[in-house]
Amino acid sequence: MANEAAKRIACGAILLWALALTRSLNAQVGLGTWVRKADASASAGMTMIVGACCNGGRRITYHIPPNDMVLTVESQLDGRDAPVMLGGKPSGETMAIKLVDDLHMTAVLKINGKTFGTAKGTISPDGKILTVEDNFTSAEGGQPVGKQTETWVRK
């Protein structure tokens with residue numbers, strides 16, 4: 001159950017990570033620590049740390065309270081599936097993150113090879129707010145089917 005909850009929470013967050021992979025002069029915009037605003041689907045305190053990795057890609061690490069569950073994804077932001085690791089072990093979830101431009105990205109979310117949702121991310125021009133629009137088409141990841149919006153604030 002905790003594994004499914006972690007996957008559900010991280011789906012949109014990973015989208016933010018992908019968005020942060022901008023390769024332009026604003027490449028540093030998405031790097032750093034982000035805090036998710038509390039809403040109906042997530043409590044306060046979830047953080048995401050975005051760092052550079054893998055030859056121009058990004059590594060995103062989510063810390064999910066209350067037990068500090070840790071999810072990690074490394075992506076080249078080229079639309080290929082990247083494994084989502086839970087506590088350093090494969091979770092069965094992948095994210096295919098693609099950078100659209102400096103402030104926009106998309107992702108296809110899968111569990112055990114089956115698509116269960118998509119996400120679109122937009123980072124504000126000042127680099128301080130990330131808005132993620134999730135569309136879950138299946139409850140495969142443990143999340144409710146339908147659309148939801150996440151807001152992340154850069155620390």
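In this predicted model, Asp 81 and Lys 110 meet side chain to side chain in a salt bridge, with an N to O distance of 3.2 Å. Asp 81 belongs to strand β5 (residues 78-86) and Lys 110 to strand β7 (residues 104-111), so the contact ties together parts that are 29 residues apart in sequence. The relative accessible area of Asp 81 is 42%, and the residue is partly exposed. The count of salt bridges comes to 4.

Another of these bridges joins the side chains of Arg 36 and Glu 150, at 3.8 Å from N to O. Arg 36 sits in strand β1 (residues 32-36), while Glu 150 sits in strand β10 (residues 146-154); the pair therefore ties together parts that are 114 residues apart in sequence. Arg 36 and Glu 150 are both buried. Burial here is a matter of relative accessible area under 20%.

A further bridge links Arg 80 with Asp 78. The closest N and O atoms of this pair are 2.6 Å apart. Arg 80 has a relative accessibility of 55% and counts as exposed, because the cut-off for that class is over 50%. Asp 78, at 34%, counts as partly exposed.

In one of them, the ring centres of Phe 116 and Phe 136 lie 6.1 Å apart and the ring planes meet at 5°, so the pair is stacked. Phe 116 is part of strand β8 (residues 114-123), and Phe 136 is part of strand β9 (residues 129-136). The two residues are 20 positions apart, and their pairing links distant parts of the chain. Both phenylalanines, Phe 116 and Phe 136, are buried.

The largest nonpolar core holds 27 residues. Trp 34, Met 48, Tyr 62, Leu 130 and Trp 152 touch the most other members of this core. At least two core residues come from each of β2, β3, β4, β5, β6 (89-101), β7, β8 and β9. The biggest contribution is that of β7, which gives 4 residues.

Backbone geometry has several marked points in the loops. The peptide bond that runs from Pro 65 to Pro 66 is cis, and its omega is near 5°. Pro 66 is placed in the loop between β3 (57-64) and β4 (69-75). Asp 68 lies in the loop between β3 and β4 as well. The phi of Asp 68 is positive, about 50°, although the residue is not a glycine. Asp 68 has a relative accessibility of 43% and counts as partly exposed.

A positive phi is also found at Cys 54, again not a glycine, with a value of about 40°. Cys 54 is located in the loop between β2 (47-53) and β3. The relative accessible area of Cys 54 is 26%, and the residue is partly exposed.

Terms used. Residues are numbered from 1 along each chain as its sequence is written. This is a predicted model: local features need pLDDT of at least 70, side-chain atom pairs count only at pLDDT 80 or more; totals for chains, interfaces and linings use all residues. Side-chain values use heavy atoms; hydrogens and water are left out. Rings of Phe, Tyr and Trp (its six-membered ring) pair if their centres lie within 6.5 Å; planes under 30 degrees apart count as stacked, over 60 as edge-to-face and the rest as tilted. Buried means under 20% relative accessible area, exposed over 50%, partly exposed in between (1.4 Å probe, protein chains only). A nonpolar core is a set of buried Ala, Val, Leu, Ile, Met, Phe, Trp, Tyr and Cys residues joined through side-chain atoms within 4.5 Å.
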